[in-house]
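Here is a short briefing for a first look at this structure. Please view the model before reading on.

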Amino acid sequence: MTRKVLGIIGTYRKGRVIDTAVSEVLRGAADSGADIQRIDLLDAHVEFCTNCRTCTQEKDVGRRGTCVLQDDMAEILDAIDAADGLVLGAPMNFYNVNALTRRFMERLLPYAYWPWDAKMGPKLRVAKPAKKAVTVTATACPTFLARLLTPGSRKALKTAASMMGARVVGSLHYGGVPQTPDSTLDEKGLRKAYRAGEYLVSRIS
């Protein structure tokens, strides 16, 4: 059975670090036999979540509830549900993922069951993650410092993966990269991303 890998790219800068890294992860996955698809959030029509929680009220609806907003998000969620592996990429802006990615993340609420009379917080509809994921982040801060002092973006992407029913098996963090407006990845960074794609496919059962 052919494995499907979906890349979700939350960057404003096409052809730069995050875009290039996710593309290379997908290339590694494709060369390992996976069918690949990519979604550029910059090109998608995704409205802001209004926190009406309509999508969280019904209990037995399968993987996710239904959002009342009419945009591209339902199609994106269909692609997520059909995938065996996910590649989530976003830069760090102000110590966390950028606003483009955060808007998408807030629209993952249909994967939770959260009735208004609940005494606790939301409960994931898919308790046991079956998908596998690789996350990709980048920052101007040196990598070793970023991992210690600014873990927000990696944690956010890990949480997003969990909402979508995926367990993170690889986390790429590129530090000290935007030295010029046109900075992109060096050969070492490209190889690292490619190998992550190969590894992701190897972990999909």
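β3 (85-89), α3 (99-106) and α5 (152-163) each give at least two residues to the lining of the second largest cavity. Helices (H or I, at least four residues) and strands (E, at least two) are DSSP runs, numbered from the N terminus. This is a predicted model: local features need pLDDT of at least 70, side-chain atom pairs count only at pLDDT 80 or more, and totals for chains, interfaces and linings use all residues. Residues are numbered from 1 along each chain as its sequence is written, and side-chain values use heavy atoms, with hydrogens and water left out.

**The second largest cavity**
- A cavity is a set of points, on a 1 Å grid over the protein atoms alone, where a 1.4 Å probe fits but cannot get out; lining residues have an atom within 4 Å of a point.
- Its volume is about 50 Å³, counted as the space filled by probe spheres set on the points, with grid points joined across faces, edges and corners.
- α3 contributes the most to this lining, with 3 residues.
- The lining includes Ile8, Leu41, Leu88, Gly89, Phe104 and Leu157.
- By class, 7 lining residues are nonpolar, 3 are polar and none is charged.
- Ala, Val, Leu, Ile, Met, Phe, Trp, Tyr, Cys and Pro count as nonpolar, Asp, Glu, Lys and Arg as charged, and the others, Gly among them, as polar.

**The largest cavity**
- The model has 2 cavities of 30 Å³ or more.
- The largest cavity holds about 100 Å³ of space.
- It is lined by 14 residues, and Cys49, Thr50, Cys52, Cys55 and Cys67 are the closest to its centre.
- The lining of the largest cavity has 8 nonpolar, 3 polar and 3 charged residues.

**Strands β1 and β2**
- β1 (residues 4-9) and β2 (residues 35-40) run parallel, joined by 6 bridges.
- Two strands pair if DSSP finds at least two bridges between them.
- Lys4 stands opposite Asp35 in β2.
- Together with helix α1 (residues 17-31), β1 and β2 form a right-handed β-α-β unit.
- Right-handed means that, with the strands pointing away from the viewer, the path from the first strand over the helix to the second runs clockwise.

**Tyr113**
- Tyr113 sits in strand β6 (residues 112-113).
- Tyr113 is partly exposed, at 23% relative accessible area (buried is under 20%, exposed over 50%, partly exposed in between, with a 1.4 Å probe and protein chains only).
- Beyond its neighbours within four places in sequence, Tyr113 has contacts (heavy atoms within 4.5 Å) that include Thr56, Glu58, Pro122 and Arg125.
- Tyr113 and Gly89 lie 24 residues apart in sequence and 26 Å apart in space, C-alpha to C-alpha.

How values were computed. On a 1 Å grid over the protein atoms alone, a cavity is a set of points where a 1.4 Å probe fits but cannot get out, and a pocket is an open set with protein on both sides within 12 Å along at least five of seven lines; lining residues have an atom within 4 Å of a point.
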